[in-house]
Amino acid sequence: MKKKRRRLFQRTIVLFVLSIAIIFTVYTNVTKDDRNTARLEDMAPDFQLQDLDGNVYRLSDYKGKGVFLNFWGTYCEPCEKEMPYIERQYEAYKDEGIEVIAINVGETDLAIETFAKRLSLSFPIVVDKKGEVQNAYGIYPLPATFLIDSDGRIVHYYDGEMTEQMVKEFMERIKP
């Protein structure tokens with residue numbers, strides 16, 4: 001009798017947890033368009049984040065330049081695939097008034113540093129440890145990229161994996 005009760009209790013708990021997971025998934029998918037996201041033609045929300053060396057980066061410091069703002073994570077396969085494309089295009093466009101700021105979504109310094117070294121990334125990588133910038137921009141899922149013009153306005157938003165041709169076209173689009 002005790003075994004039956006224990007099994008019933010365990011099954012009830014598992015069913016409860018699965019139900020909560022399903023409800024959460026449905027809720028996040030239904031409300032994803034209602035989130036307070038940065039919108040096209042709005043001024044991009046300013047932020048102040050640090051890189052792994054403690055250098056501070058503020059979006060407002062890049063007025064007059066086009067900013068390719070990319071949110072990513074080391075665990076994100078599409079993020080890893082597009083990083084070499086972003087790096088190559090950054091090298092091609094950095095002298096033409098284009099800046100890349102890669103915002104990691106709060107992973108450990110070791111994970112970020114290992115990832116950046118393995119892919120030989122040279123553009124600034126900052127860390128959103130508390131998720132405040134991610135929330136201000138309404139980021140979900142990764143990768144997500146905002147194109148910000150020289151006046152600080154959002155001119156395009158793209159979520160998902162980019163091809164190298166897309167990265168090039170995006171950089172052309174924000175060239176001052």
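Mentor: Helices here are DSSP runs of H or I with at least four residues, strands are DSSP runs of E with at least two, and both are numbered from the N terminus. By that reading the protein chain has 5 helices and 7 strands, arranged along the sequence as α-β-β-β-α-β-α-β-α-β-β-α.

Trainee: What makes the protein chain more spread out than a compact globule, or less so?

Mentor: The radius of gyration is taken over C-alpha atoms, and the globule rule is 2.2 Å times the number of residues to the power 0.38. For 176 residues the rule gives 16 Å, whereas the radius of gyration of the chain is 20 Å, well over that figure, so the chain is more spread out than a compact globule. Along the principal axes, its C-alpha atoms fill a box of roughly 75 × 35 × 30 Å. The model is a predicted one, in which local features need pLDDT of at least 70 and side-chain atom pairs count only at pLDDT 80 or more, while totals for chains, interfaces and linings use all residues. Residues are numbered from 1 along each chain as its sequence is written, and side-chain values use heavy atoms, with hydrogens and water left out.

Trainee: Why is the link between Lys 175 and Glu 96 called a salt bridge?

Mentor: The term requires a side-chain nitrogen of Lys or Arg within 4 Å of a carboxyl oxygen of Asp or Glu. The closest N and O atoms of Lys 175 and Glu 96 are 3.0 Å apart, so the pair falls within the 4 Å limit. Lys 175 lies in the segment after α5 (164-173) and Glu 96 in the loop between α2 (77-93) and β4 (98-104), so the pair ties together parts that are 79 residues apart in sequence.

Trainee: Which residues are linked with Lys 175 in a network of salt bridges?

Mentor: Glu 96 and Glu 172 are linked with Lys 175 in this network. The side chains of Glu 172 and Lys 175 meet at 3.5 Å, N to O. The structure as a whole holds 10 salt bridges, including that of Glu 91 and Lys 94 at 3.2 Å.

Trainee: Why does Glu 172 count as partly exposed?

Mentor: Buried means under 20% relative accessible area, exposed means over 50%, and partly exposed is in between (1.4 Å probe, protein chains only). Glu 172 has a relative accessible area of 38%, Lys 175 has 32% and Glu 96 has 36%, so these values lie in the partly exposed range.

Trainee: How do you know that Cys 76 and Cys 79 are joined by a disulfide?

Mentor: A disulfide is a pair of cysteine sulfur atoms within 2.5 Å, and the S to S distance here is 2.3 Å. The torsion about the S-S bond is about 80°, so the disulfide is right-handed. Both cysteines are buried, and the structure holds 1 disulfide.

Trainee: How do you know where the buried residues of α3 lie around the helix?

Mentor: In α3 (residues 109-118), Ile 112, Phe 115 and Ala 116 are buried. Their arc, that of the directions from the helix axis to the C-beta atoms, is within 95°, so they line one face of the helix. The face turned away from that side carries the exposed residues Leu 110 and Lys 117. Cover for the buried residues comes from elements including β3 (66-72), α2, β4 and β5 (125-127).

Trainee: What puts the buried residues of α5 on a given side of the helix?

Mentor: The buried residues of α5 are Val 167, Phe 170 and Met 171. They cover an arc of only 100° around the axis, which puts them on the same side of α5. They pack against β3, α2, β4, β6 (144-148) and β7 (154-159).

Trainee: Which peptide bond to Pro 141 is cis, and what is its omega?

Mentor: The bond from Tyr 140 to Pro 141 is cis, with omega near -5°. The bond from Leu 142 to Pro 143 is cis, with omega near -10°. Pro 141 is in the loop between α4 (132-137) and β6, and Pro 143 lies in the loop between α4 and β6.

Key. Contact means heavy atoms within 4.5 Å.
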